[in-house]
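Dear colleague,

I am passing on to you the structure we spoke about, and I would ask you to look through it before you read my notes.

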Amino acid sequence: MTRRIAIIGAGAFGSALAHVWASAGQDVTLIGRKASGQAPEAAHYATELPQDTGIVVMAVPAQATADALATYAPARDVPLVLTAKGVERGSLRLQTDIATGWETSVLTGPSFAADLRLGKPTALTLGSATIGAAHGLADALQSPVLRLYPTDDRVGAQIGGALKNVIAIACGAAMGAGLGESARAALLTRGLAELTRLTVALGGRAETVAGLSGLGDLTLTATSEQSRNYRFGLALGRGDTLPAGTVEGRVTAGAAMALAEQHGIDMPITRMVAALLDGQVTLADAMERLLSRPTRTE
(Lines give C-alpha, C1' and ligand atoms only; values in the text may rest on other atoms or scores of the structure.)
Protein backbone atom coordinates (compact mmCIF):
# COMPACT_ATOMS: atom_id res chain seq x y z
CA MET A 1 0.00 0.00 0.00
CA THR A 2 1.46 3.36 -1.01
CA ARG A 3 1.59 6.29 1.40
CA ARG A 4 1.58 9.94 0.40
CA ILE A 5 5.10 11.31 0.57
CA ALA A 6 5.43 14.97 1.54
CA ILE A 7 8.84 16.52 0.84
CA ILE A 8 9.64 19.69 2.81
CA GLY A 9 12.14 21.70 0.78
CA ALA A 10 11.76 22.36 -2.94
CA GLY A 11 15.44 22.91 -3.69
CA ALA A 12 17.48 20.80 -6.09
CA PHE A 13 17.59 17.64 -3.95
CA GLY A 14 13.98 17.80 -2.74
CA SER A 15 12.76 18.36 -6.30
CA ALA A 16 14.93 15.49 -7.55
CA LEU A 17 13.48 13.10 -4.96
CA ALA A 18 9.97 14.25 -5.89
CA HIS A 19 10.77 13.47 -9.52
CA VAL A 20 12.07 9.97 -8.68
CA TRP A 21 9.10 8.99 -6.54
CA ALA A 22 6.44 10.64 -8.71
CA SER A 23 7.91 8.91 -11.78
CA ALA A 24 7.58 5.61 -9.93
CA GLY A 25 3.87 6.24 -9.37
CA GLN A 26 4.05 7.46 -5.78
CA ASP A 27 1.69 10.14 -4.48
CA VAL A 28 4.11 13.02 -3.84
CA THR A 29 3.57 16.51 -2.45
CA LEU A 30 6.45 18.99 -2.69
CA ILE A 31 6.34 21.73 -0.07
CA GLY A 32 8.19 25.03 -0.24
CA ARG A 33 8.10 28.54 -1.60
CA LYS A 34 9.00 27.37 -5.09
CA ALA A 35 10.41 24.35 -6.89
CA SER A 36 13.85 24.58 -8.49
CA GLY A 37 14.73 23.40 -11.98
CA GLN A 38 12.19 21.46 -14.02
CA ALA A 39 9.58 20.41 -11.53
CA PRO A 40 8.03 16.91 -11.80
CA GLU A 41 4.57 17.29 -13.30
CA ALA A 42 3.23 14.30 -11.40
CA ALA A 43 3.94 15.87 -8.00
CA HIS A 44 1.55 18.14 -6.15
CA TYR A 45 2.65 21.47 -4.72
CA ALA A 46 1.65 22.99 -1.39
CA THR A 47 2.80 25.38 1.30
CA GLU A 48 1.75 23.17 4.21
CA LEU A 49 1.60 19.46 4.97
CA PRO A 50 -1.47 17.58 3.70
CA GLN A 51 -3.43 15.91 6.48
CA ASP A 52 -3.17 12.49 4.85
CA THR A 53 0.64 12.53 4.66
CA GLY A 54 2.11 9.08 5.29
CA ILE A 55 5.85 9.86 5.16
CA VAL A 56 7.55 13.25 5.62
CA VAL A 57 10.94 13.80 3.96
CA MET A 58 12.92 16.81 5.20
CA ALA A 59 15.11 18.15 2.35
CA VAL A 60 16.38 21.44 3.78
CA PRO A 61 19.96 22.47 4.69
CA ALA A 62 21.25 21.14 8.02
CA GLN A 63 21.19 24.54 9.70
CA ALA A 64 17.52 25.01 8.70
CA THR A 65 16.12 21.74 10.08
CA ALA A 66 14.97 23.12 13.44
CA ASP A 67 13.16 26.06 11.82
CA ALA A 68 11.51 23.81 9.23
CA LEU A 69 10.23 21.47 11.93
CA ALA A 70 8.75 24.41 13.83
CA THR A 71 7.23 25.90 10.68
CA TYR A 72 5.60 22.79 9.23
CA ALA A 73 5.07 20.79 12.46
CA PRO A 74 4.89 17.23 11.08
CA ALA A 75 2.68 14.85 13.02
CA ARG A 76 4.68 12.98 15.64
CA ASP A 77 3.32 9.59 14.60
CA VAL A 78 4.30 9.97 10.93
CA PRO A 79 7.77 8.72 9.89
CA LEU A 80 10.17 11.64 9.38
CA VAL A 81 13.07 11.08 6.97
CA LEU A 82 15.98 13.52 7.25
CA THR A 83 18.29 14.12 4.28
CA ALA A 84 20.48 17.02 5.49
CA LYS A 85 24.18 16.27 6.00
CA GLY A 86 25.63 18.39 8.75
CA VAL A 87 26.04 19.14 12.46
CA GLU A 88 24.02 22.02 13.90
CA ARG A 89 26.13 25.06 14.71
CA GLY A 90 26.27 25.98 18.40
CA SER A 91 24.29 23.04 19.81
CA LEU A 92 26.48 20.44 18.00
CA ARG A 93 23.36 18.30 17.50
CA LEU A 94 23.03 15.65 14.82
CA GLN A 95 19.89 15.89 12.69
CA THR A 96 18.09 13.13 14.61
CA ASP A 97 18.81 14.96 17.88
CA ILE A 98 17.21 18.12 16.47
CA ALA A 99 14.10 16.07 15.64
CA THR A 100 13.75 14.41 19.05
CA GLY A 101 10.16 13.28 19.54
CA TRP A 102 9.58 12.20 15.95
CA GLU A 103 10.00 8.74 14.46
CA THR A 104 13.16 9.75 12.62
CA SER A 105 15.18 8.07 9.90
CA VAL A 106 18.15 9.25 7.87
CA LEU A 107 18.49 9.06 4.08
CA THR A 108 22.11 9.57 3.07
CA GLY A 109 24.83 8.37 0.73
CA PRO A 110 26.48 9.17 -2.60
CA SER A 111 23.96 11.13 -4.64
CA PHE A 112 23.80 14.20 -6.85
CA ALA A 113 20.45 15.80 -7.53
CA ALA A 114 21.28 16.03 -11.25
CA ASP A 115 21.79 12.26 -11.48
CA LEU A 116 18.50 11.56 -9.73
CA ARG A 117 16.69 13.96 -12.05
CA LEU A 118 18.09 12.11 -15.07
CA GLY A 119 16.98 8.74 -13.70
CA LYS A 120 20.51 7.46 -13.19
CA PRO A 121 20.84 4.57 -10.74
CA THR A 122 21.62 5.65 -7.16
CA ALA A 123 22.13 3.63 -3.98
CA LEU A 124 21.67 5.19 -0.54
CA THR A 125 21.67 4.23 3.13
CA LEU A 126 18.40 4.45 5.07
CA GLY A 127 19.02 4.51 8.81
CA SER A 128 16.23 4.09 11.37
CA ALA A 129 16.02 3.45 15.11
CA THR A 130 15.34 -0.25 14.44
CA ILE A 131 16.24 -2.45 11.51
CA GLY A 132 12.57 -3.37 11.11
CA ALA A 133 11.60 0.29 10.69
CA ALA A 134 14.45 0.78 8.22
CA HIS A 135 13.31 -2.16 6.10
CA GLY A 136 9.71 -0.94 6.15
CA LEU A 137 10.65 2.54 4.96
CA ALA A 138 13.08 1.17 2.38
CA ASP A 139 10.26 -0.91 0.88
CA ALA A 140 8.03 2.19 0.74
CA LEU A 141 10.67 4.46 -0.83
CA GLN A 142 12.47 2.15 -3.25
CA SER A 143 12.13 2.92 -6.94
CA PRO A 144 13.54 1.41 -10.14
CA VAL A 145 16.43 3.91 -10.01
CA LEU A 146 16.79 4.37 -6.24
CA ARG A 147 18.02 1.42 -4.18
CA LEU A 148 18.00 1.75 -0.40
CA TYR A 149 20.12 -0.23 2.06
CA PRO A 150 18.61 -0.35 5.59
CA THR A 151 20.61 0.06 8.80
CA ASP A 152 19.83 0.73 12.44
CA ASP A 153 23.01 2.81 12.88
CA ARG A 154 21.72 6.37 12.52
CA VAL A 155 24.81 7.83 14.18
CA GLY A 156 27.23 6.25 11.71
CA ALA A 157 25.05 7.24 8.76
CA GLN A 158 24.91 10.86 9.93
CA ILE A 159 28.58 11.29 10.80
CA GLY A 160 29.62 9.87 7.45
CA GLY A 161 27.27 12.22 5.60
CA ALA A 162 28.28 15.29 7.59
CA LEU A 163 32.05 14.87 7.82
CA LYS A 164 32.59 13.85 4.20
CA ASN A 165 31.76 17.46 3.28
CA VAL A 166 34.62 18.72 5.43
CA ILE A 167 37.07 16.25 3.93
CA ALA A 168 35.83 17.17 0.44
CA ILE A 169 36.77 20.80 1.12
CA ALA A 170 40.28 19.65 2.10
CA CYS A 171 40.59 17.53 -1.03
CA GLY A 172 39.39 20.38 -3.22
CA ALA A 173 41.83 22.79 -1.58
CA ALA A 174 44.72 20.39 -2.21
CA MET A 175 43.79 20.03 -5.87
CA GLY A 176 43.22 23.77 -6.25
CA ALA A 177 46.68 24.45 -4.81
CA GLY A 178 48.22 22.06 -7.33
CA LEU A 179 49.29 19.41 -4.82
CA GLY A 180 48.09 16.61 -7.08
CA GLU A 181 46.03 13.42 -7.10
CA SER A 182 48.29 11.58 -4.66
CA ALA A 183 47.80 14.27 -2.01
CA ARG A 184 44.05 14.13 -2.54
CA ALA A 185 44.06 10.33 -2.16
CA ALA A 186 45.98 10.67 1.10
CA LEU A 187 43.54 13.26 2.45
CA LEU A 188 40.55 11.15 1.41
CA THR A 189 41.94 8.02 3.05
CA ARG A 190 43.05 9.66 6.29
CA GLY A 191 39.82 11.63 6.31
CA LEU A 192 37.90 8.36 6.31
CA ALA A 193 39.88 7.35 9.39
CA GLU A 194 38.74 10.57 11.10
CA LEU A 195 35.11 9.85 10.23
CA THR A 196 35.48 6.39 11.71
CA ARG A 197 37.03 7.59 14.98
CA LEU A 198 34.30 10.15 15.60
CA THR A 199 31.55 7.70 14.62
CA VAL A 200 32.73 5.09 17.10
CA ALA A 201 33.18 7.72 19.85
CA LEU A 202 29.55 8.81 19.39
CA GLY A 203 28.23 5.25 19.54
CA GLY A 204 28.08 4.39 15.82
CA ARG A 205 29.69 1.47 14.03
CA ALA A 206 32.87 1.51 11.93
CA GLU A 207 31.31 -0.77 9.32
CA THR A 208 28.61 1.82 8.61
CA VAL A 209 31.25 4.40 7.69
CA ALA A 210 32.87 1.82 5.40
CA GLY A 211 29.64 1.69 3.38
CA LEU A 212 27.57 4.04 1.25
CA SER A 213 27.02 6.74 3.88
CA GLY A 214 30.75 7.10 4.58
CA LEU A 215 33.21 5.80 2.02
CA GLY A 216 30.71 5.95 -0.84
CA ASP A 217 29.61 9.51 -0.18
CA LEU A 218 33.15 10.68 0.58
CA THR A 219 34.50 9.24 -2.67
CA LEU A 220 31.83 10.99 -4.72
CA THR A 221 31.96 14.32 -2.90
CA ALA A 222 35.75 14.58 -2.71
CA THR A 223 36.42 13.84 -6.39
CA SER A 224 33.68 15.47 -8.46
CA GLU A 225 33.22 19.11 -9.41
CA GLN A 226 29.46 18.54 -9.17
CA SER A 227 30.04 18.69 -5.40
CA ARG A 228 29.56 22.17 -3.90
CA ASN A 229 31.98 21.34 -1.08
CA TYR A 230 34.68 20.16 -3.47
CA ARG A 231 34.21 23.22 -5.70
CA PHE A 232 34.44 25.43 -2.62
CA GLY A 233 37.74 23.76 -1.71
CA LEU A 234 39.05 24.18 -5.25
CA ALA A 235 38.33 27.91 -5.13
CA LEU A 236 39.97 28.12 -1.72
CA GLY A 237 43.10 26.38 -2.98
CA ARG A 238 43.32 28.53 -6.09
CA GLY A 239 42.70 31.75 -4.23
CA ASP A 240 39.58 32.41 -6.32
CA THR A 241 36.34 34.05 -5.24
CA LEU A 242 34.47 31.54 -3.10
CA PRO A 243 31.23 30.25 -4.65
CA ALA A 244 27.90 31.36 -3.22
CA GLY A 245 25.17 29.02 -2.00
CA THR A 246 24.90 26.39 0.72
CA VAL A 247 28.19 24.63 1.47
CA GLU A 248 27.40 22.32 4.39
CA GLY A 249 31.03 21.54 5.18
CA ARG A 250 31.80 25.21 5.75
CA VAL A 251 29.71 25.22 8.94
CA THR A 252 30.17 21.57 9.88
CA ALA A 253 33.99 21.86 10.09
CA GLY A 254 33.91 23.96 13.25
CA ALA A 255 31.03 22.00 14.77
CA ALA A 256 32.75 18.68 14.08
CA MET A 257 35.98 19.95 15.60
CA ALA A 258 34.10 20.95 18.74
CA LEU A 259 32.55 17.46 18.91
CA ALA A 260 35.97 15.87 18.46
CA GLU A 261 37.41 17.95 21.30
CA GLN A 262 34.50 16.99 23.57
CA HIS A 263 35.26 13.32 22.99
CA GLY A 264 39.07 13.54 22.88
CA ILE A 265 39.27 12.50 19.22
CA ASP A 266 42.26 13.43 17.03
CA MET A 267 40.99 14.88 13.72
CA PRO A 268 43.88 16.81 12.12
CA ILE A 269 42.29 17.26 8.68
CA THR A 270 39.06 18.58 10.16
CA ARG A 271 41.08 20.87 12.44
CA MET A 272 43.02 22.15 9.43
CA VAL A 273 39.85 22.91 7.47
CA ALA A 274 38.20 24.64 10.44
CA ALA A 275 41.29 26.79 11.07
CA LEU A 276 41.59 27.61 7.38
CA LEU A 277 37.95 28.70 7.12
CA ASP A 278 38.29 30.81 10.28
CA GLY A 279 41.32 32.57 8.80
CA GLN A 280 43.62 31.28 11.54
CA VAL A 281 46.10 29.73 9.10
CA THR A 282 47.01 29.99 5.43
CA LEU A 283 46.62 27.03 3.11
CA ALA A 284 50.40 26.62 2.91
CA ASP A 285 50.71 26.61 6.71
CA ALA A 286 47.83 24.15 7.07
CA MET A 287 49.34 21.67 4.60
CA GLU A 288 52.79 22.02 6.18
CA ARG A 289 51.36 21.23 9.61
CA LEU A 290 49.66 18.11 8.28
CA LEU A 291 52.79 16.89 6.52
CA SER A 292 55.02 17.56 9.54
CA ARG A 293 52.91 15.57 11.98
CA PRO A 294 54.78 12.74 13.78
CA THR A 295 54.76 9.47 11.86
CA ARG A 296 52.44 6.85 13.32
CA THR A 297 51.37 3.35 12.34
CA GLU A 298 48.30 3.13 10.13
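This is a predicted model: local features need pLDDT of at least 70, side-chain atom pairs count only at pLDDT 80 or more; totals for chains, interfaces and linings use all residues.

The largest pocket has a volume of about 1,200 Å³, and 40 residues line it, with Ala 12, Phe 13, Ala 59, Pro 61 and Arg 228 lying nearest its centre. Sorted by class, the lining consists of 16 nonpolar, 15 polar and nine charged residues. Because both domain 1 (5-152) and domain 2 (162-292) give residues to the lining, the largest pocket lies between these two domains.

I also looked at Asp 217, which is found in helix 9. Is Asp 217 buried or exposed? Its relative accessible area is 1%, and as buried means under 20%, Asp 217 counts as buried. The side chain of Asp 217 is joined to that of Lys 85 by a polar contact of 2.7 Å. Leaving aside residues up to four places away in sequence, Asp 217 touches Lys 85, Thr 108, Gly 109, Pro 110, Ser 111, Gly 161, Lys 164 and Leu 212.

With best wishes

Definitions and conventions:
Residues are numbered from 1 along each chain as its sequence is written. Side-chain values use heavy atoms; hydrogens and water are left out. On a 1 Å grid over the protein atoms alone, a cavity is a set of points where a 1.4 Å probe fits but cannot get out, and a pocket is an open set with protein on both sides within 12 Å along at least five of seven lines; lining residues have an atom within 4 Å of a point. Grid points are joined across faces, edges and corners, and a volume is the space filled by probe spheres set on the points. Ala, Val, Leu, Ile, Met, Phe, Trp, Tyr, Cys and Pro count as nonpolar, Asp, Glu, Lys and Arg as charged, and the others, Gly among them, as polar. Domain bounds come from an automatic or database domain assignment. Helices (H or I, at least four residues) and strands (E, at least two) are DSSP runs, numbered from the N terminus. Buried means under 20% relative accessible area, exposed over 50%, partly exposed in between (1.4 Å probe, protein chains only). A polar contact is a pair of N or O atoms within 3.5 Å; within protein, one must be able to donate a hydrogen and the other to accept it, and residues adjacent in sequence count only if both atoms are side-chain atoms. Contact means heavy atoms within 4.5 Å.
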